[in-house]
Amino acid sequence: MLTTVLIFMPVAVALIVWLLPLSRLAAGGVALLASLAEVGLWIEALVRFDFDSSGLQFHQRQSWFSDLNVSYHVGLFPFSLWLVGLTAVVMAAAVAYAVWVGRERPRAYFGLMLFLTGAIAGVFTAQDLLLFYAFFEAMLIPLYVLVGVWGGAGRLGATVKFVIYTMAGSLLMLAAIIVYGLQQGTFDLLEIGPSSSDWVFLGFVVAFAIKAPLFPFHGWLPDAYRESSPEVSAVLSGVVSKAAAYGFIRIAIAKFPGPTSDLRGAILALAAIGLVYGSLLAFRAPDVRGVVAYSSLAQMGLITLGVFAVNDLGLDGAVLQMVNHGLISAALFLLAGMVERRTSTGEFALLGGMARGRPALATVLMTTGIIALAVPLSSAFAGEFLILAGVFQQGWGWAVVGAVAIVLAAMYILRMISGILHQDVGPAVPEAALDLRPGELAIVVPLVGVLLALSAWPAAISQRSFPNDQPQQAVRSQFRAVSYVVRETQVTLNVSRGTP
Amino acid sequence: MIWGAWLCLASPLAAALLITLGGNALSRRGAGYLATFATFVAFIGAAISFFSLLSHDAGDRSHLSTGWTWIAGGSYHSGFSVLVDPLSTMMMLIVSGVGGLIIGYSIGYMDGDPEERRYFAYMALFVFSMLLLVQGGNLILLLAGWGMVGLSSYLLIGFWQERHSAIAAAKKAFVMNAVGDATMALAFFILIQKTGSLDFGDVFARQGFLGGWAINLIALGLLGGAVAKSAQLPLHTWLPDAMEGPTPVSALIHAATMVTAGVYLIVRTHPIFEQAPKIEDLAAGLGAATLVMAGLIALVQTDIKRVIAYSTMSQIGYMFLGAGLGAYANGMFHLMTHAFFKALLFMAAGIVIHALAGEQDMRNMGGLRELMPFTRWCFLIGSLALVGIFPFAGFFSKDSILAAAMDRGWYGYLLWVAGLAGTFLTGLYTFRMYFVVFGGQRSAFVREHFHHEGHGEGPFSMTSTVATLAGLAAIGGWIQWSPFWHPVTSWLEPVARPLVEPANWMEWTSSGTALALGLGGIWVAWLLYGARRPRPVPRVAPVESALVHKLYFDEAYDLAFYRPAMRLSLLLGRFFERPLIAGTGRELAEGSVDVGRGFSRLQTGLVRTYVLAIASSLAVIAVVFVAVR
């Protein structure tokens, strides 16, 4: 029941915001309260969650189309719990930022944001393929509007690209779901058996690769991340991209063990290329958001490396890094927005020297930046370390590429920090030193605070993403995370590789 | 008393957080006092750990305390734990003791800087990071401290953030250290794969299971981290640039503590290095090469801080030489005395720089002998200790490393010769600096810019630190005189048993030769720079220009790594990303419009066309059904 509330409470409030003639202030206030309530609900779920149990928790099932075995089936696994939490926190920050900035047409805007919150929570909790698809689409549609209506000058081009790319991905996924579900006779993720079809697998993988995005499916990314309003970029790169990584874990790897091990090399290669490619482009991006956008591409490559390492180290690290990157990139996009509000530009050529007289901005940006470049002792370091240690076991070359990318990450993040904060005062930087206001601090400091807390205890997530049933069995623990998801289908990795 | 170690670790972190969060609520002075106080609390914590270890038997001097599981994935996990053993307590004492002195000095040195609070927050953060590095109870925490000291070094080098050169130097230092972090991380991946753990105990106990190539790669990865942090060949180019930071920073981070972390790493992980003797020899060889190279470059530097920086590289070369040869205690002993006399030299140089309105170019100095007698004597003590003149600190620690080299076959003798050459160079460049700065006539610049602060040669916070360090540099080496007494070696014995045991004649030969060569260097420096009528300095133009350009390492790295990466990123952007990826959206959009236009032509509005289409479709479907049946 709690899961359903997590999904539909924001949607219900969205309807209220749309229907009632609320003032600007009231619409924003209601939306902010609802998104904070979502965080509260998630904390409730976290407190009541039993990390020792291996089953689905807070689950609910209602038959929908009984002849096709489609049902409304939702519930939380430990790793989905963390992603729902990420969603709640980032959405709350995004809504708060929008309230702070005061968006035009507030009722439409905040309704869409709340609807989006519910849809994303649905994606992370759906246990039925068609329901998953429904939530996935429900997540994309508000985004089209949010980018297309409230974006910057080039928003139309950005939206068209975004729509075309994601539509292509969605259609592929829909086709894959229909074929897969009809083959297996059910759409329920807990009941559906593994498949060995490479084509169906590729349908899912390409859909998720576009959403993530993975190289070379990232054509929509630079424009969408630049032209959206900052809080929408924060949601896009912080949360929505994680839906793709979640799909890799929950569907691609868990349901297609055979194709996964056949095609793993190719996917790892794309992920590794994306990691280096994104880092290199981030290093030459001329503006703040460009750096964050391309670093998102790189980070999604890194997370995909961890996922397709298909071992416990990699998967645990990937879940941790999803949360890390979600918080980091949301914080960076919001900070970019705050910088842009002061200077009306994000171009490094016009920025610089903002640290002087703005200690709060400098401290927050510097802290976020150094966590983003994964300085050891940060939670991002823990995530990247686990991911690379995991993928190292698939082949040392992947980890070497990852290590090179970490050095590149240091280069582009430091360039971004210096470009904003240090050296000569840029021509666009106003004389009047306007530091972060308390309201702005209240938006970003919680994100950074969570990151710092996670830095002190990254194992809180990485140790609690997949339940540890039998830690003593060495062989089993090697594939604990994978076997766990696969076991939902009562099939182990080895058996499934033999089945036709 | 393990809580002493936790106190030691927590107190500087608490100070850093308090200063950051306190903002304007804390006065600038208050921030300085808070940071100093916290570091001395850390020193007390370290002392508590030291004395409680002392009360245990030699065999029972390793205590691990785990707070919580810090990082975990799959079956691998590491706790957030502190290790108290002879090696870590020795480092804790050095770091918090010297750190406390230098932060206290900073109260005077940074007085009046508008961003003093930020400075002291960074300094406290650095002390925390360094303590984490030396106290970390497993390799991953060691790496965490390793990265964090790199971060604080970055922050402090770039402290004056409007200066382009400072920001560039800070970035360079961070990126070169990130290279070292990356090679260490790769070594850890091998360890995780082979042993499933990063705890010191597990890793060192299971060393036998590791194959030959694996152990060599692991040692190589660790060595990569060590040379990056300790500015040894080939990752040394960041250290001279790091002198852009405030002088106390150079003293604390880039001389006394952080840059010697590589030596600590080798000693800490010596069971791994001992399994990979080739890598050990490589470490010693790199140390020897660095000490000679840095000594040569120091001869032509004109910036007083850069001369001291190169001498730091050179001295760490000695430590690497010792640690690589297996003379762990000697390396650590030199680390300790070096912390005293190098911090002293920097602090004294800082007083000079302060008195000359920030001037660092030695060519503008001269004749400060009478103007700053106190500083001059302290600087002299530091210089003598650096050169290794009896009875100053460097004599006891450096010569025992050289003696150890004699006990290691022909390779050892090769290194021994390099080390002795380094002694001569040390005498030469150190006293060139001393004579140029303090000797001779007062230069025009000095006459114009010299000013007293009104109360002697500096505020009490500065002079007291310098005096304390001068005392330590003078007598700090007496705690160990290898042929006669060796408490440092026996203290460290439970952690790192030395591989070499030089005979007494080796000690005497090394000491005698090194002392003679050091004095020779001083004598040559006197002839060229100190005598009333100095001889003309012999010059060999191509050599000099190569040395002035620091043997072209910067240029080579620029050409080999930076420019290709920049070029690649530009080319990728111009010829791949823009036309092929970012452009595809528009092409897709236009393509779909074209397709739509094509289909729209079918909508003729003529019923006969539609009927034809329906009929022919039905026919096709019928044929298909019949055929499939």
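Predicted model: local features only at pLDDT ≥ 70, side-chain atom pairs only at ≥ 80, totals over all residues.
In chain B, helix H10 spans residues 247-256, and because ten of its ten residues are buried, the helix is largely enclosed by the rest of the structure. The buried residues run through Thr247(B), Pro248(B), Val249(B), Ser250(B), Ala251(B), Leu252(B), Ile253(B), His254(B), Ala255(B) and Ala256(B). Their cover includes several other helices of chain B, among them H3 (86-109), H4 (116-135), H5 (139-157) and H15 (328-355).

The contact between the chains draws 54 residues from chain A and 48 residues from chain B. On the side of chain B that touches chain A, at least two residues each come from strands S1 (63-73) and S2 (76-84) and from helices H5, H6 (164-195), H24 (553-582) and H25 (584-602). The most is given by H6(B), with 14 residues.

Within chain A, attention turns to two packed helices. Two such helices are described by the angle between their axes and the distance between the axes. Helix H14 (residues 379-392) and helix H15 (residues 396-421) of chain A pack at about 155°, and their axes are 7 Å apart. H14(A) is therefore roughly antiparallel to H15(A), since angles over 145 degrees count as such. H14(A) contributes Glu384(A), Leu388(A), Val391(A) and Phe392(A) to the contact, while the residues from H15(A) include Trp396(A), Trp398(A) and Ile406(A). The residues of this contact divide into eight nonpolar, one polar and one charged.

Conventions. Residues numbered from 1 in each chain as written. Chains lettered and ligands numbered in written order. Buried ≥ 20, exposed ≤ 12 C-beta atoms within 10 Å, placed from the backbone. Helix = DSSP H or I, 4+ residues; strand = E, 2+ residues; numbered from the N terminus. Contact = placed C-beta atoms within 7 Å. Axes fitted to C-alpha atoms, helices over the stretch in contact; angles between N-to-C directions. Parallel < 35°, antiparallel > 145°, perpendicular 65-115°, else oblique. Nonpolar A, V, L, I, M, F, W, Y, C, P; charged D, E, K, R; others polar.
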